[in-house]
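Q: Could you take a close look at one helix here and walk me through what packs around it? I'd like the neighbouring sheet and the ring contacts too.

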Amino acid sequence: DIDKFSLGGFSAEFIDAIMPPEDAQLEIYELLINFLNSLEHINFPQKLIYIFILKALSLSGFQPHLESCVIYKSFINKHAFFSNHSGGLLCAKCHRQDTQSESILSGTIATISFFQKTDWPDSLRLGILPVVENQLKKILFSFLDFNLEKKFKSFKLLNNILG
């Protein structure tokens with residue numbers, strides 16, 4: 001299956017980009033093994049890549065800040081914006097400071113948080129609404145593009161798989 005093979009290739013390239021070779025971590029290795037094993041058994045492999053990326057970012061310390069407004073540290077109760085420049089959520093007041101920030105659905109925030117905080121098997125059980133998946137894909141890959149200096153060779157293939 002070319003899609004699953006491509007996702008496996010991306011996973012190795014991604015881990016190489018975010019983790020220095022001298023910084024071996026058992027959790028990253030286990031995550032990679034879980035991801036590759038799950039590719040064999042799941043019908044919707046696209047969801048796996050989102051889970052994998054978010055968990056790997058959390059383990060590496062690059063995860064986006066979703067608990068509160070990055071600038072004022074205030075709780076966001078209604079409308080939020082995602083800022084690559086600030087590395088997380090902005091409240092309605094602060095989003096004017098970053099003209100590149102984008103509106104983010106509460107369902108997308110909840111999905112990202114769920115994937116970051118739950119173990120691998122429980123993450124696989126969550127269904128993703130198409131509108132949340134589209135926003136998750138857009139925000140996640142723009143976050144990676146903004147924060148990682150490496151351009152992935154497998155990105156073009158990955159974009160074709162994810163649509």
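A: Let's start with what sits over helix α4: the cover on its buried residues includes α3 (45-60), β1 (80-83), β2 (88-90), β3 (102-104), α5 (120-125) and α6 (130-147). Bear in mind that this is a predicted model. The buried residues themselves are Thr108, Ile109, Thr111, Ile112, Ser113, Phe115 and Gln116. As for the helix's length, α4 has 12 residues (106-117) and should span 16 Å at 1.5 Å a residue; its end C-alpha atoms are 16 Å apart, so that agrees.

Now the strands in that cover. They make an open, antiparallel sheet of 3 strands, ordered β2-β1-β3. Since β2 and β3 are at the edges with a single partner strand each, one side of each has no neighbour in the sheet. From one strand to the next, the twist averages 50°. β1 and β2 pair over 3 bridges, and Phe81 stands opposite Leu90 in β2. Helix α6 packs on this sheet, touching β1 and β3, and its direction makes about 130° with that of β3.

On to the rings: there are 5 aromatic pairs. One of them is Phe14 with Phe52, edge-to-face at 6.1 Å centre to centre and 65° between the planes. Phe14 is in helix α1 (residues 2-18) and Phe52 in α3, so this pair ties together parts 38 residues apart in sequence. Phe14 is buried at 0% relative accessible area, and Phe52 is buried at 0% as well. Another pair is Phe82 and Phe143, with centres 5.9 Å apart and planes at 70°, so it's edge-to-face. That one links strand β1 to helix α6, 61 residues apart.

Note on methods: Residues numbered from 1 in each chain as written. Predicted model: local features only at pLDDT ≥ 70, side-chain atom pairs only at ≥ 80, totals over all residues. Heavy atoms only, no water. Helix = DSSP H or I, 4+ residues; strand = E, 2+ residues; numbered from the N terminus. Expected span 1.5 Å × (residues − 1). Buried < 20%, exposed > 50% of the residue type's maximum accessible area, 1.4 Å probe, protein only. Contact = heavy atoms within 4.5 Å. Pairing = 2+ DSSP bridges. Axes fitted to C-alpha atoms, helices over the stretch in contact; angles between N-to-C directions. Phe/Tyr/Trp six-rings, centres within 6.5 Å; stacked < 30°, edge-to-face > 60°.
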